[in-house]
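Reader: Could you zoom in on one part of this model and walk me through it slowly? I'd like the geometry and the cut-offs behind each term, please.

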Amino acid sequence: MLPLDPSRLGLPRSRTLQCLIVTGLYALLAWFALSAPIASDGPLARALGSVDLAREGAVAFVRVLI
């Protein structure tokens with residue numbers, strides 16, 4: 001398999017800048033997962049059974065990211 005060429009994806013060539021972009025995206029995703037309102041009639045709460053379980057799932061997801 002050929003190595004991934006960052007210029008084909010529109011990413012900067014600098015590894016430091018690439019790492020900063022990925023870290024920023026993870027932080028944004030973690031912030032959204034923790035601050036997004038979880039409605040009691042929403043699909044995530046219905047799938048997991050309760051709002052509390054949905055919140056615990058979101059927190060566990062953020063822990064996996066970090």
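Author: Arg55 and Asp52 sit 3 residues apart in helix 3 (residues 51–65), so about one helical turn separates them. Helices here are DSSP runs of H or I with at least four residues, strands are runs of E with at least two, and the numbering starts at the N terminus. The cut-off is a side-chain nitrogen of Lys or Arg within 4 Å of a carboxyl oxygen of Asp or Glu. The structure holds 1 salt bridge. As for cover, Arg55 counts as partly exposed, at 46% relative accessibility. In these terms, buried is under 20% relative accessible area, exposed is over 50%, and partly exposed is in between, with a 1.4 Å probe and protein chains only.

Before going on, the ground rules. This is a predicted model, where local features need pLDDT of at least 70 and side-chain atom pairs count only at pLDDT 80 or more, while totals for chains, interfaces and linings use all residues. Residues are numbered from 1 along each chain as its sequence is written, and side-chain values use heavy atoms, leaving out hydrogens and water.

Now zoom out a bit. The chain has 3 helices and 0 strands, running α-α-α from the N terminus on. Of the 66 residues in the chain, 17% are buried. The chain exposes about 5,600 Å², and carbon and sulfur atoms supply 67% of that. Those areas come from the Shrake-Rupley method with a 1.4 Å probe, and for residues only the protein chains shown count as cover.

Arg63 lies in helix 3 and is exposed, at 67% relative accessible area. Leu29, in helix 1, is 33 residues away from Val62 in sequence but 8.1 Å away in space, C-alpha to C-alpha; Leu29 is partly exposed, at 37%. Ala27, also placed in helix 1, is 35 residues and 9.2 Å from Val62 on that C-alpha count, and Ala27 is partly exposed at 46%. For Phe32 and Val62, the C-alpha separation is 9.6 Å across 30 residues.

So what does helix 1 look like on its own? It should span 30 Å, given 21 residues at 1.5 Å a residue, and its end C-alpha atoms are 30 Å apart, which agrees. The expected span is 1.5 Å times one less than the number of residues. The buried residues of helix 1 are Gln18, Ala30 and Ala33. They cover an arc of only 105° around the axis, so they are on the same side of helix 1; the arc is taken from the directions from the helix axis to the C-beta atoms. The other side of helix 1 has Thr16, Leu20, Leu28, Trp31 and Phe32 exposed. Leu28 and Phe32 each have a figure: Leu28 is exposed at 52% relative accessible area, and Phe32 is exposed at 52% relative accessibility.

Leu17, Leu20, Ile21, Leu25, Leu28, Trp31 and Phe32 make a nonpolar patch of about 760 Å². Patch members have over 30% relative accessible area and no salt bridge; like charges are joined within 9 Å, and nonpolar side chains (Val, Leu, Ile, Met, Phe, Trp, Tyr) within 5 Å.
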